[in-house]
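Hi,

Here is the structure I promised to pass on to you.

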Amino acid sequence: MAMGIALRMGIDMSANSSTTNQNGKIIAPQGFDLFVYKTKKYLGQLDPYLTLMGIGLWLFAYWVLCEGLQIWRFDKLPGPVAISKDWFAVDPFQGISIFTQEYYDHIIVSCRRILIAFGIATAFGVPLGLFMGWSRTIRDYIFPIIEVLRPIPILAWVPLSILLLPGFEGPVLFLATLASFFVTTLNAMLGVDSIDEEYFRAAGCLGSSRWDVFKNVVVPGALPFIFTGLQISIGVAWFSLVAAEMVSGDLGLGYLIVDAYMNNVTVPMVIAMITLGFIGYFSSAMVRMLGNKLMAWHVKELSQQGR
Amino acid sequence: MAVKQTLKSKSTKKVVPNDASSVTLRNVSKSYGEVWLSDDVLKDVTIEFPAGELTVIVGPSGCGKSTLVNIMAGFETPDSGEVLIDNKPITGPAKDRMVVFQETALIPWQTTYENVVFGPKMRGDKSGQALKDEAEALLVKVGLGEFIHKYPIQLSGGMQRRAELARALINEPTVMIMDEPFRGLDAMSRSLMQEFFLDLFEENKKTNIFVTSEIDEAIFLADNLVVLSNKPTTVQTVMNIKLPRPRDYKMLTTEQAFKYKKKAMELLHDEAMKSFAVLK
């Protein structure tokens with residue numbers, strides 16, 4: 001903590017040394033300078049140090065339970081030291097590390113499956129949800145069916161998908177797509193519902209056609225909900241992908257976890273889990289970044305509210 | 001004051017042509033709910049809005065003023081009766097009647113400029129450089145020249161209302177329908193907006209239908225003042241406000257204005273008491 005504050009003071013002083021033009025006006029930094037400025041500003045806050053401390057405390061507790069004191073039952077789990085030793089070893093004891101090709105094979109297979117499943121679910125789910133929100137008729141046709149299918153747990157679809165689709169790839173992709181599709185569709189529809197009636201009226205009295213209203217009011221107005229939906233949906237896609245890989249798979253991080261468990265090697269199991277966590281985090285962050293890029297107005301609105 | 005002067009100095013150039021239509025409401029009735037539990041909101045409302053005049057509608061809150069606006073705009077259809085523009089019945093919302101909504105209905109994902117050009121662009125009746133020049137001239141006129149590329153959320157309440165006026169005026173409507181447009185503004189911005197709005201009206205002389213629940217605002221603006229009765233809403237009185245134009249805020253303290261105010265207040269107070277009693 002003391003270090004954080006000391007660092008903050010030191011860095012604040014250097015962050016203030018900005019360039020001025022001849023009128024004494026401060027020139028906005030650009031490109032790499034802007035990046036340096038932002039990084040310094042971030043490091044000048046307390047937040048990164050609190051985060052680091054949180055991670056440290058968590059790792060320490062984990063270590064104490066599994067390796068330090070070896071509490072009953074926890075002694076069966078691989079601790080942080082055992083995991084990191086294997087993870088970063090050129091010749092890992094339990095077979096999986098950042099130096100083995102197999103590790104990347106599993107990651108690439110899972111990522112590719114997510115890209116396909118998430119892509120299909122978004123490509124169909126967003127338009128369907130928008131149309132359902134926009135047109136009473138389309139909603140009457142489709143919404144009840146979706147509402148009945150949606151609560152069925154994704155694992156309950158496993159036998160049916162294996163019967164329906166050949167090979168390993170088909171069922172796995174099907175399950176991840178399905179789970180993701182429901183979330184995306186529902187959120188896109190709710191997004192349209194959330195748009196204030198006045199905007200439709202304003203557009204109507206300005207003489208827009210129904211299609212113009214769809215393009216200029218329905219789609220942009222629903223975007224905040226759509227992107228919230230996409231963030232949840234990519235999480236759900238990972239969740240159901242791993243579940244599917246565990247039941248019916250030949251490769252992928254889910255398969256790696258089950259395979260490691262079957263072969264009684266615990267370290268690769270945990271490595272796969274942590275890897276999933278990080279990839280999930282990054283995929284969700286990428287969706288969020290894309291959303292913020294598309295919705296400059298929404299970002300401004302949120303910052304106006306102090307968020 | 002400084003703000004107002006800049007607004008006035010910029011409004012010397014004429015941007016919007018003078019075209020005005022008369023509006024007639026003939027025996028308009030509207031009720032909501034199921035037949036056996038119907039709640040009459042409007043009953044036999046007949047009002048004449050003369051072309052090129054500013055008619056203000058006042059009534060106790062919750063008396064169906066917004067329903068009246070929705071019907072005139074064409075968002076809702078009356079159960080019986082009709083709305084005529086230049087003696088022709090309306091068939092739905094159209095660009096000859098522009099509505100300025102309560103609070104604001106600027107589209108939040110479009111910049112001020114995009115909001116203003118939205119109508120002409122959608123209909124395809126203006127485009128390219130001509131549209132751009134006109135929109136910019138109009139935005140300068142309403143004092144938003146420097147806020148063209150800001151989003152509505154980045155504008156103050158008063159600026160939002162002015163942007164909305166610009167968005168309506170670019171469509172060259174013959175009737176402007178204002179549904180409590182200055183509601184939610186603080187007292188200072190409100191009186192500045194009223195004066196700005198009057199300048200605009202006195203310059204363009206469009207038919208204006210202005211709905212409000214503020215008596216001072218009503219008398220300051222109106223050529224004709226329509227006082228509505230409580231639910232089911234009917235027209236109680238139409239007053240001619242014969243204050244000279246151009247007006248400024250000092251006129252509200254004259255003997256004449258005070259007489260109008262007294263009369264309107266007495267009428268409204270009776271009506272407001274009725275709805276108050278119903279609530280109790």
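In this predicted model, 18 residues of domain 1 of chain B are in contact with 15 residues of domain 2 of chain B, where contact means that the C-beta atoms, placed from the backbone, lie within 7 Å. On the domain 1 side, the elements of chain B that give two or more residues are α1 (2-10) and α6 (187-204), with α6(B) providing the largest share, four residues. Helices here are DSSP runs of H or I with at least four residues, strands are runs of E with at least two, and both are numbered from the N terminus. By class, that side of domain 1 has eleven nonpolar, four polar and three charged residues. Ala, Val, Leu, Ile, Met, Phe, Trp, Tyr, Cys and Pro count as nonpolar, Asp, Glu, Lys and Arg as charged, and the others, Gly among them, as polar.

As for the bounds, domain 1 of chain B covers 2-96 + 175-279 and domain 2 covers 107-172; they come from an automatic or database domain assignment. The C-alpha centres of the two domains lie 24 Å apart.

A word on conventions: residues are numbered from 1 along each chain as its sequence is written, while chains are lettered from A and ligands numbered from 1 in the order in which they are written. Because the model is predicted, local features need pLDDT of at least 70 and side-chain atom pairs count only at pLDDT 80 or more, whereas totals for chains, interfaces and linings use all residues.

Between the chains, 21 residues of chain B are in contact with 17 residues of chain A. On the chain B side, β6 (97-100) and α3 (112-123) are the elements that give two or more residues, and α3(B) has the largest share, four residues. The residues on that side divide into 15 nonpolar, three polar and three charged.

B:S31 stands opposite B:D40 in β2(B). The two strands form a hairpin with six residues between them, and B:G33 in the turn has a positive phi of about 90 degrees. β1(B) also pairs with β4 (residues 80-85) of chain B, in the antiparallel sense over five bridges, and here B:L25 has B:V83 as its bridge partner.

Best wishes

Methods: Two residues are in contact if their C-beta atoms, placed from the backbone, lie within 7 Å. Two strands pair if DSSP finds at least two bridges between them.
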